[in-house]
Amino acid sequence: MMDRDSILLPVNPAFIAFSLVAAFLLNLLPWGSWGWVPDFVALTLVFWSVYQPRKVGIGIAFLMGLVMDVHGAALLGQNALAYTLLSYFAITIHRRVLWFRPPVQALHVLPLLVLMQVVQVLVQLAVSGKLPDWTYFAQSFVAVALWPVVCWLLLAPQRRAVDRDDTRPI
């Protein structure tokens, strides 16, 4: 596990873009009717909104939401609204969340993911009058269980080498 006091290297914007595209591709996989599969785009957006709020913000969340709306043939703007609110609240609490280790960070992320799903359900209810069953919210709990793994994977390129090289200033 990463030492809490270690300094990370700056994040590469190309890696952020790659991770968002990879999350989108994971959402494209034919998971079928598995209700427990998390929304990987939402999970990745929350991560970058917490760890890099100046690079991934509400605008990126809105664009990713529109892409997910087109992919899912959902009401245009449903996911965009949900992702925008998700990113806004993640940016709002990012300083507090960064004080904790990933397992405790997951407890802060859970209400954000549940709120995102509530917004999606409310939009679906207003348009179609249909409510999903309670297992719909299992996605958020699975995503929270994956949060430490996501943190480890997405922070891996920023970690320094363990052995110090005296020829480098950092």
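Reply: Start with the bend at a residue, which is the angle between axes fitted to the seven residues ending there and the seven starting there. Helices (H or I, at least four residues) are DSSP runs, numbered from the N terminus. In H6 a kink of about 45° lies at tryptophan 147, shortly before proline 148. The model is a predicted one, in which local features need pLDDT of at least 70 and side-chain atom pairs count only at pLDDT 80 or more, while totals for chains, interfaces and linings use all residues. Residues are numbered from 1 along each chain as its sequence is written, and side-chain values use heavy atoms, with hydrogens and water left out.

Me: What span should the 18 residues of helix H6 have at 1.5 Å a residue?

Reply: The expected span of a helix is 1.5 Å times one less than its number of residues. For H6 (residues 138–155) this gives 26 Å, and the end C-alpha atoms are 26 Å apart, so the two agree.

Me: Which residues of H6 are buried, and what covers them?

Reply: Buried means under 20% relative accessible area, exposed over 50%, and partly exposed in between (1.4 Å probe, protein chains only). In H6 the buried residues are Gln139, Ser140, Ala143, Val144, Trp147, Val150, Cys151, Leu154 and Leu155. Their cover includes helix H1 (13–28), helix H2 (40–51) and helix H5 (102–128), where contact means heavy atoms within 4.5 Å.

Me: How many aromatic pairs does a search of the whole structure find?

Reply: Rings of Phe, Tyr and Trp (its six-membered ring) pair if their centres lie within 6.5 Å; planes under 30 degrees apart count as stacked, over 60 as edge-to-face and the rest as tilted. The search finds ten such pairs. One of them joins tryptophan 31 and tryptophan 34, a tilted pair at 5.9 Å centre to centre with 45° between the planes. Tryptophan 31 counts as partly exposed because its relative accessibility is 27%, and tryptophan 34 is partly exposed at 47%. Phenylalanine 47 and tyrosine 51 form a stacked pair, 4.4 Å centre to centre and 25° between the planes. Both of these residues are buried, and they lie four residues apart in helix H2, about one turn of the helix. Phe47 and Tyr51 also belong to one aromatic cluster with Phe15, Phe18, Trp48 and Trp147.

Me: How is empty space found?

Reply: Rolling a probe the size of a water molecule over the atoms shows where empty space is left. On a 1 Å grid over the protein atoms alone, a cavity is a set of points where a 1.4 Å probe fits but cannot get out, and a pocket is an open set with protein on both sides within 12 Å along at least five of seven lines; lining residues have an atom within 4 Å of a point. Grid points are joined across faces, edges and corners, and a volume is the space filled by probe spheres set on the points. The count here is one cavity of 30 Å³ or more. The largest cavity has a volume of about 50 Å³, and its lining includes Pro38, Leu113 and Ser140. H5 and H6 are the elements that give two or more residues to that lining.

Me: Which residues lie nearest the centre of the largest pocket?

Reply: They are Asp39, Met68, Asn79, Tyr136 and Gln139, out of 22 lining residues. The largest pocket holds about 600 Å³ of space.
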